[in-house]
Amino acid sequence: MIHKTSIIDKNSKISKNVRIGPYSVIGPNVEIHENVEIFSHVNISGNTSIGPETKIYPFASIGTAPQDLKFKGEDNKLIIGKKNIIR
């Protein structure tokens, strides 16, 4: 189920049996695998892959630029394995 208030980029890849809660934003280049549950108000951007059976709770923001001060805009990618809980 994808909530009607969520915003999902047409270039993202959403597998079957994915739940996306209200007011969540999914950007381009995001891949979400089977049985992932994304609660309300979650932001997922960048080159991000979320493994099966992962749960992402409200107000999480993942896939954005790293907070490391050495980061100077290089290409990066976030790969999350299966069965994770992100709060």
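Reader: Let us start with contacts. Leaving aside its neighbours within four places in sequence, with which residues is Thr48 in contact?

Author: Contact means heavy atoms within 4.5 Å. Apart from neighbours within four places in sequence, Thr48 is in contact with Asn29, Val30, Glu31, Gly63 and Leu78. The model is a predicted one, in which local features need pLDDT of at least 70 and side-chain atom pairs count only at pLDDT 80 or more, while totals for chains, interfaces and linings use all residues. Residues are numbered from 1 along each chain as its sequence is written, and side-chain values use heavy atoms, with hydrogens and water left out.

Reader: Is Thr48 buried or exposed, and in which strand does it lie?

Author: Buried means under 20% relative accessible area, exposed over 50%, and partly exposed in between, with a 1.4 Å probe and protein chains only. Thr48 has a relative accessible area of 2% and is therefore buried. It lies in strand 8, residues 48-50. Of the 87 residues of the protein chain, 31% count as buried.

Reader: How many helices and strands does the protein chain have?

Author: Helices (H or I, at least four residues) and strands (E, at least two) are DSSP runs, numbered from the N terminus. The protein chain has zero helices and 12 strands.

Reader: In what order do the four strands of the open sheet stand?

Author: Two strands pair if DSSP finds at least two bridges between them. The order in this open sheet is 1-4-7-10, with parallel pairing. Strand 1 (7-8) and strand 10 are at the edges with a single partner strand each, so one side of each has no neighbour in the sheet. Strand 7 and strand 10 are joined in the parallel sense over two bridges; Asn43 has Ser61, in strand 10, as its bridge partner.

Reader: How is a pair of aromatic rings described?

Author: The distance of the centres and the angle of the planes describe such a pair. Rings of Phe, Tyr and Trp (its six-membered ring) pair if their centres lie within 6.5 Å; planes under 30 degrees apart count as stacked, over 60 as edge-to-face and the rest as tilted. By this rule there is one aromatic pair. The ring centres of Phe39 and Tyr57 are 4.4 Å apart and the planes stand at 15 degrees, so this pair is stacked. Phe39 belongs to the loop between strand 6 (37-38) and strand 7 (43-44), and Tyr57 to the loop between strand 9 (55-56) and strand 10 (61-62), so the pair ties together parts that are 18 residues apart in sequence. Phe39 is partly exposed, at 23% relative accessibility.

Reader: Which charged end sits over the ring of Tyr57?

Author: A charge sits over a ring if NZ of Lys or CZ of Arg is within 6 Å of the ring centre and within 35 degrees of the ring normal. Here the charged end belongs to Arg87, 4.2 Å from the centre of the Tyr57 ring.
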